[in-house]
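The points below can be checked one by one against the coordinates.

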Amino acid sequence: MDEQDAIHSTRFSRTAALAGAGAKVGLNYLKYYGRRALASEAGAKALETTLHEENASQVFKTFSQLKGAPLKLAQMLSIDKNILPAAYLKSFAQAQYSTPPLSYPLVVRTFRREFGREPLDLFDEFTRQAASGASIGQVHRAARGVHQFAVKVQYPGVAESLQNDLRVVKPIALQVLGLRESDVAEYFEEVKARLLEETDYALELQRSQQLAHDCAGVPHIRFPAMYPELSSARVLTMDWVEGEALDRFADGPASQAERDQVGQALWDFYDHQIHQLRLFHADPHPGNFLVRDGDVWVLDFGCTKALPEDVYRQQFRFLDPSLLDDATALARAMEELQLLLPQDGPVERAHLVRLFQDSVGQLALPFRHGFHDFGDPEYMAAIYRNGQANSEDKVLRKLRGRRGSPHSVYVNRAYFGLYSLLSRLRARVKTRLPDWLAPVGAA
């Protein structure tokens, strides 16, 4: 893939690039509406497909060149195929791996700013070409003697431009997703807070060391050592880890026993973080994990989420099997989490409770019997069908107001990402309810 020799780093240039992409998206929509009015039903479908393909290509091209918040949003949205039209899903999935890296002179510039020295002043060897690139930074391989390091270098201007980027990209995202700004403002603030944290490599180093220490007892979960003396707010150095990317392992010839061991490690890792630590790795896409000799190596702690105790209890109360059988108690729990609002009428409330019973019943199923086979393709298919039905539900589409705690954004992202990884692994895992709930079906 060709390298980028420059990156838009000023507020004006990034705003202009994003505004240009937004204008092209808007113009494509205007053309689409004009043509659709004259088209047959089949023709309208074809026009809609073309619209999404053209817009997805344009948006991803701009986001990948800008890096930072726009590209990170593409990466986040690519995880859930119920959120985006298929064309966006296909384009945005490239954000996991296939983004053009920055050229070496820009890397040198970052080192000079952070350390007052160049990479080869700190290391005996340092690859000019990035080993991998992502939304916030890219990774280079380095060495001192025989010791091998992975050095993550943040893209220039990403941290400084993040808030402005989100302000400009928000209308594009709302248009693509079909959302109202007033209903999702607090969710955007939550996403902004996490993205700002991701640009702080000093915080990532601290969180990496903390979670590595606190999760040391989780079987088959491993962490690379971190090197504070070779790190800064914009450069992060850790051990280089050889292994197989999790998605390639999942798609390869691994035995069922190997798949189960890796899947169990991931399940136990998230179970311990969320239900014991209330601090968790909130970016479970396959590029953040490597598999080696049956162990799962966790490579990136840029996106972590601390969960307040009251929100944790409200959120995971829905795992209680008895709650789903009691519509009145379920409605009260939904009110506590602000999934039901005072302005909802009786018909809306009853409809929402029924939908929530179905959705939570599916999502909580792995916790119910102490064991779950994520290799059953029908399970994730049912979740996707339910999500699609909810996205098209006329009552839901008419609702106003923010629903649920903003803290839920990353809890939901963590579990949906985990379920997706386990499904791809076709893993069979032992599960359990949190200790404070009735241990029905606990293993």
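1. A residue is called buried here when its relative accessible area is under 20%, exposed when that area is over 50%, and partly exposed in between, using a 1.4 Å probe and protein chains only. Cys 303 has 2% relative accessibility and therefore counts as buried. Cys 215, at 0% relative accessibility, is also buried. A disulfide would be a pair of cysteine sulfur atoms within 2.5 Å, and a search of the whole structure finds 0 of them.

2. On the basis of the notes: this is a predicted model, in which local features need pLDDT of at least 70, side-chain atom pairs count only at pLDDT 80 or more, and totals for chains, interfaces and linings use all residues. Residues are numbered from 1 along each chain as its sequence is written, and side-chain values use heavy atoms, with hydrogens and water left out.

3. Two strands are said to pair if DSSP finds at least two bridges between them. Strand β3 (residues 137–144) has 6 of its 8 residues buried, so it is largely enclosed by the rest of the structure.

4. Strand β1 (residues 125–126) runs antiparallel to β3 and is joined to it by 2 bridges; Glu 125 has Ala 143 as its bridge partner. Strand β2 (residues 132–133) is also antiparallel to β3, again with 2 bridges, and Ser 132 stands opposite Val 139. A hairpin through 3 residues links β2 to β3.

5. β3 and β4 pair in the antiparallel sense over 8 bridges. Here Ala 143 has Gln 148 in β4 as its bridge partner. The hairpin of β3 and β4 has 2 residues between the strands, and Gly 145 takes a positive phi near 60 degrees in it.

6. Which strands make up the open sheet of 4 strands, and in what order? The order is β5-β10-β9-β7, with mixed pairing. β5 (221–222) and β7 (244–245) are the edge strands, each pairing on one side only.

7. Within that sheet, strand β9 (residues 289–292) and strand β10 (residues 295–298) run antiparallel and are joined by 4 bridges.

8. Rings of Phe, Tyr and Trp (its six-membered ring) pair if their centres lie within 6.5 Å; planes under 30 degrees apart are stacked, over 60 edge-to-face, and the rest tilted. The whole structure holds 22 aromatic pairs. Phe 149 and Tyr 227 have ring centres 5.1 Å apart and planes at 80 degrees, so this pair is edge-to-face. Phe 149 lies in strand β4 (residues 147–154) and Tyr 227 in the loop between β5 and β6 (235–239), so the pair ties together parts 78 residues apart in sequence. Phe 149 is buried, with a relative accessible area of 4%, and Tyr 227 is buried at 16%.

9. Trp 267 and Tyr 419 form a stacked pair, 6.4 Å centre to centre with 20 degrees between the planes. Trp 267 belongs to helix α11 (residues 256–277) and Tyr 419 to helix α18 (residues 408–425), so parts 152 residues apart in sequence are tied together. Both residues are buried. They belong to one aromatic cluster, whose members also include Tyr 312, Phe 367 and Trp 436.

10. Leu 437 sits in the segment after β13 (428–430) and is buried, with a relative accessible area of 7%. Leu 437 and Asp 320 are 117 residues apart in sequence but 6.3 Å apart in space, C-alpha to C-alpha.
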